Amino acid sequence: MLESLEPVVSLAKRRGFVFQSSEIYGGLSSCYDFGPLGVEMKNNVKKAWWKAMVQDRDDVIGLDASILMASKVWEASGHVEGFSDPLVDCKGCKKRWRADHLLEDRGIKPVFKPGEWLKQDVKCPECGGDLTDIRKFNLMFKTFMGVVEEDATPIYLRPETCQGIYTNFLNVQQAMRKKLPFGIAQIGKAFRNEITPGNFIFRTREFEQMEQQYFTHPDEKDKFFKMWKELRMQWYIDLGIKKKNLRFRDHEKHELAHYAKQAVDIEYNYPGMGFKELAGVHDRGDWDLTRHSKFSGQDLSYFDPERKEKFIPHIVETSDGADRVMLAFLLDAYEEVETRSGDEESKHEKEVVLRLHKDLAPIKVAILPLSKKEPLQKLSNQIQTELRAKWMTQYDETGSIGKRYRRQDEIGTPYCVTIDFDSLEDKKVTVRDRDTMKQERVAVDELKDFLEEKL
Ligand code: GAP
């Protein structure tokens with residue numbers, strides 16, 4: 001078990017998973033770029049989510065709504081008024097803190113009635129200085145739409161993706177002739193001007209959400225809340241996260257978001273941070289559609305032909321952050337093992353194996369010709385051309401074979417295909433399995449089927 005995020009942060013940078021945004025300018029705080037392997041892995045995370053949530057189900061359909069939405073959306077959603085964190089500043093070192101986090105660290109329930117905060121006598125954790133009273137700090141990024149800034153309409157970068165689903169509820173329901181219960185899913189960017197971002201890609205100011213909103217009759221809401229809670233947890237387990245590192249945590253009344261009637265977090269045991277939110281399942285009741293009906297003047301109720309009843313659907317939301325989820329998958333897959341590959345000269349004291357689920361691994365097959373000589377290269381190129389039509393492959397012909405295996409283990413590649421001089425004669429290659437290190441000779445013309453079965 002790791003003791004901090006550090007080894008994974010360092011691997012992520014070294015091997016091209018995640019870079020600091022604007023690094024050559026000193027970096028932009030809490031914004032990250034996904035490198036060649038990071039973009040593959042994040043796409044795989046999103047693909048796995050889409051498959052489980054949309055492709056494999058009859059009752060959930062997809063959407064891709066615009067990031068920029070009418071300002072009124074955010075008044076209706078309650079974000080203009082209520083999407084803020086309690087901010088305090090240190091009068092000494094000027095560092096900013098979230099007052100609720102400081103109270104939680106002392107085991108105190110963060111309830112903020114006027115004057116309550118100052119009674120707590122909390123000091124700055126950094127320098128011990130006095131802290132200011134609380135200010136509410138809205139987390140939405142504001143910008144302007146239009147040519148002349150002074151006349152332009154203020155507009156917000158969406159802080160959650162789901163609002164585009166609510167405003168399209170009737171469009172989707174009517175276009176797809178859907179009957180309740182059904183869900184709408186979408187993946188997209190969200191932005192929050194977080195006061196205390198950090199811990200690598202755990203809390204950033206620009207991130208991606210994978211959200212699904214399930215519209216139901218109020219009587220069935222509890223049943224579906226339970227169903228989604230279990231399904232979302234199972235998704236993480238199926239993709240390889242160890243059960244012992246996952247748990248549910250019900251929200252207490254005082255921590256419920258302004259829209260939520262009940263909520264549960266799926267928490268992950270982040271090294272050095274302990275159990276923290278990975279994803280959430282929220283019972284949003286009829287808050288969203290009622291508010292959008294009121295603010296837009298459009299009736300967003302639904303007529304149920306079986307019940308012969310018209311009502312505002314209730315919503316059970318599942319919300320997962322693609323970046324935070326990717327961090328959890330990387331952390332859980334990371335393992336340092338005793339030296340296990342290579343000849344004497346290339347042996348190291350410890351090796352890193354990223355035991356990623358095959359569906360999530362950025363590269364599925366590495367092609368490793370034992371020599372750069374022409375006949376081996378030709379056969380290796382042919383093999384790569386055939387395999388890359390189906391999977392992400394990587395060609396590596398530099399260094400000893402032990403070093404090359406280690407390079408692939410470190411990025412989680414499930415299979416390495418080694419082409420040697422015997423391959424020219426017997427038309428067979430060696431396939432090495434990342435986890436078992438078992439090596440098998442496989443005929444070149446059976447290789448694709450062999451890997452197909454494994455992958
Ligand atoms: N629509 C509901 C909603 O946005 P949330 O609990 O605020 O709920 C849902 O966010 C998920 O989005 C979180 O569980 C987390 O995975 C991800 N998330 C939220 N804020 C984030 C941030 N600043 N950086 C990275 N991921 C974040």
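Predicted model: local features only at pLDDT ≥ 70, side-chain atom pairs only at ≥ 80, totals over all residues.
Okay, let's start with a question: which residues does Ala-76 touch, if we don't count residues up to four places away in sequence? The list is Trp-287, Arg-291, His-292 and Phe-295.

You'll find Ala-76 in helix 3, which covers residues 71-76. Ala-76 counts as buried, because its relative accessibility is 1% and the cut-off for buried is under 20%. Now look across to Asp-420. Along the chain, Ala-76 and Asp-420 are 344 residues apart, and their C-alpha atoms are separated by 65 Å.

That gives us a way into the overall picture. The protein chain has 455 residues, and 51% of them count as buried. There are 15 helices and 23 strands in the chain. If you take the C-alpha trace along its principal axes, the span is about 80 × 65 × 50 Å. And here's one about how the chain meets itself: of the contacts with a separation of 6 or more, 64% are between residues 24 or more positions apart.

Next stop, Asp-320. Asp-320 is part of strand 16, residues 314-321. Is this aspartate buried or exposed? Asp-320 counts as buried, because its relative accessibility comes out at 1%. As for partners, the side chain of Asp-320 makes a polar contact of 3.1 Å with the side chain of Arg-232. Arg-232 also shows up among the residues that Asp-320 touches, leaving out those up to four places away in sequence. That list also includes Trp-49, Glu-208, Tyr-236 and Val-325.

Now, rings. How many aromatic pairs does the count come to? It comes to 13. One of them is Phe-169 with Phe-215, a tilted pair with 4.5 Å centre to centre and 35° between the planes. Phe-169 sits in helix 8, residues 169-175, while Phe-215 sits in strand 10, residues 206-216, so this pair ties together parts that are 46 residues apart in sequence. Both of these phenylalanines, Phe-169 and Phe-215, are buried.

For another kind of geometry, go to Tyr-302 and Phe-311. Their planes are at 70° and their ring centres 5.9 Å apart, so we call this pair edge-to-face. Tyr-302 counts as buried at 5% relative accessibility, and Phe-311 does too at 8%.

Find Arg-324, and you'll see its charged end over the ring of Phe-202, 3.8 Å from the ring's centre. Then there's Arg-432, which lies over the face of Tyr-405, at 4.3 Å from the ring centre.

What lines it? The lining has 22 residues, and those nearest the centre of this pocket are Asn-44, Lys-47, Ala-48, Lys-51 and Asp-359. Helix 2 (36-55) and helix 9 (221-238) each supply at least two residues of that lining. Which element gives the most to the lining of the second largest pocket? That's helix 2, with eight residues.

Pro-181 is in the loop between helix 8 and strand 9, and strand 9 is residues 182-191.

Then look at phi. Ser-30 isn't a glycine, although it has a positive phi of about 60°. You'll see Ser-30 in the loop that runs between strand 1 (18-20) and strand 2 (32-34). With a relative accessible area of 9%, Ser-30 is buried.

Phe-200 is a residue other than glycine with a positive phi as well, near 60°. Its place is the loop between strand 9 and strand 10. Phe-200 counts as buried, because its relative accessibility is 9%.

Key: Residues numbered from 1 in each chain as written. Heavy atoms only, no water. Helix = DSSP H or I, 4+ residues; strand = E, 2+ residues; numbered from the N terminus. Buried < 20%, exposed > 50% of the residue type's maximum accessible area, 1.4 Å probe, protein only. Polar contact = N/O pair within 3.5 Å; in protein donor to acceptor, adjacent residues only side chain to side chain. Contact = heavy atoms within 4.5 Å. Phe/Tyr/Trp six-rings, centres within 6.5 Å; stacked < 30°, edge-to-face > 60°. Lys NZ or Arg CZ within 6 Å of the ring centre and 35° of its normal. 1 Å grid on protein atoms, 1.4 Å probe; cavity = no way out; pocket = protein on both sides within 12 Å on 5 of 7 lines; lining within 4 Å.
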